[in-house]
Amino acid sequence: MNVERHTLETQRLDLRWLTPGDAALMLAIWNDPGFLEHVGDRGIRTVDEAERALIEGPLRLYREHGYGPYRLSLRGTDTTIGICGLFRREGLDDPDIGFALLPEFRGQGYAEEAARAVVAHARDGLELTRLTAIVSPVNAASIRLIRAIGLDFERMHRMPADSEDVALYSVEWK
């Protein structure tokens with residue numbers, strides 16, 4: 001079926017594809033101390049740089065693959081809390097799920113709620129047969145979430161241009 005979905009909904013969240021207008025959100029995420037510690041420094045310091053990165057990253061993913069990250073907001077409001085979605089990264093054979101919440105919204109189950117919706121869409125809407133996730137092996141909170149949504153540890157993996165291994169998790173559907 002391979003159905004593109006620009007929006008998804010959960011009990012507490014509205015998910016929609018990112019736009020260049022979400023540059024301030026992405027700037028906040030990319031410079032959050034937790035993101036910097038567990039994912040890395042993208043070197044993006046201005047809203048203009050964030051907008052260019054959105055155009056070259058998520059917006060390109062939507063065009064080329066029909067999926068990408070979603071902007072998360074509290075249901076029925078414009079309170080933006082983070083992102084969650086599918087990515088295609090050099091060095092991985094399959095799409096991977098990624099997520100990042102602003103600090104004040106962590107620990108409330110929002111990331112898992114959004115990730116479950118993204119996984120269901122990947123499996124049932126996009127009809128993917130395999131999904132992966134990469135995570136710093138010391139990021140216990142993200143590992144718990146990845147396991148909670150059904151992915152199992154596969155192996156340690158070195159991404160291109162990285163100096164340290166990440167943990168690769170995966171799930172396969174028939």
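This is a predicted model: local features need pLDDT of at least 70, side-chain atom pairs count only at pLDDT 80 or more; totals for chains, interfaces and linings use all residues.
Residues are numbered from 1 along each chain as its sequence is written, and side-chain values use heavy atoms, without hydrogens and water.

Tyr169 is buried, because its relative accessible area is 6% (buried means under 20%, exposed over 50%, partly exposed in between, with a 1.4 Å probe and protein chains only). At 44% relative accessibility, Phe153 counts as partly exposed.

Now for the aromatic rings. The structure holds 2 aromatic pairs (ring centres of Phe, Tyr and Trp, the last by its six-membered ring, within 6.5 Å; planes under 30 degrees apart are stacked, over 60 edge-to-face, the rest tilted). Trp17 and Tyr62 have ring centres 4.0 Å apart and planes at 0 degrees, so they are stacked. Both Trp17 and Tyr62 are buried. Phe153 and Tyr169 have centres 5.6 Å apart and planes at 75 degrees, so this pair is edge-to-face.

Finally, meet Arg89, which lies over the face of Phe87, 4.6 Å from the ring centre (for such a charge, NZ of Lys or CZ of Arg is within 6 Å of the ring centre and within 35 degrees of the ring normal).
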